[in-house]
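The following note concerns the packing of helices in one structure. Please read each point with the model in view.

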Amino acid sequence: MESTTQEKILIEQRVTNEGPSVVLAYLLWFFLGVFSAHRFYLGRTGSAILQSVLNCILIGFIWVVVDLFLLPGMVRAKQAGLRARLTRELSPSGSRALASPTHG
């Protein structure tokens, strides 16, 4: 089923509002990178735990520096996942749910 332009606009608005922020990811990286807060924020729990453990033996510091360049791609991947989920939910009855998300 092909989405209409209005449905695509609605999905992009939801991705913008509910998706991760590159700015926040960089702030977490800058201030709490040693704790891998940016990876936890982006839902990469396994690699965040591994990175935190490696930071204890100083090897993970290199990984934290590499993340400086990987963050935009990680944010785009998270947004793409959200976009795909919202597109899957889109249906005649899903359009109404998409327009008015429930917060609970």
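1. Helix α4 (residues 45-56) packs against helix α5 (residues 60-89) at an angle of about 130 degrees, and their axes are 7 Å apart. Helices are DSSP runs (H or I, at least four residues), numbered from the N terminus; axes are lines fitted to C-alpha atoms over the stretch in contact, with angles from 0 to 180 degrees between N-to-C directions. α4 is therefore oblique to α5, a term for angles that are not under 35 degrees (roughly parallel), over 145 (roughly antiparallel) or 65 to 115 (roughly perpendicular).

2. The model is predicted: local features need pLDDT of at least 70 and side-chain atom pairs pLDDT 80 or more, while totals for chains, interfaces and linings use all residues. Residues are numbered from 1 along each chain as its sequence is written, and side-chain values use heavy atoms, without hydrogens and water.

3. In the contact of α4 with α5 (heavy atoms within 4.5 Å), α4 contributes S47, L50, Q51, L54 and N55, and α5 contributes G60, F61, W63, V64 and D67.

4. Helix α1 (residues 5-18) and α5 cross at roughly 135 degrees, their axes coming within 10 Å. The α1 side of the contact consists of I11, E12, R14, V15 and E18; the α5 side consists of Q79, L82, R83, R85, L86 and T87.

Conventions:
Helix = DSSP H or I, 4+ residues; strand = E, 2+ residues; numbered from the N terminus.
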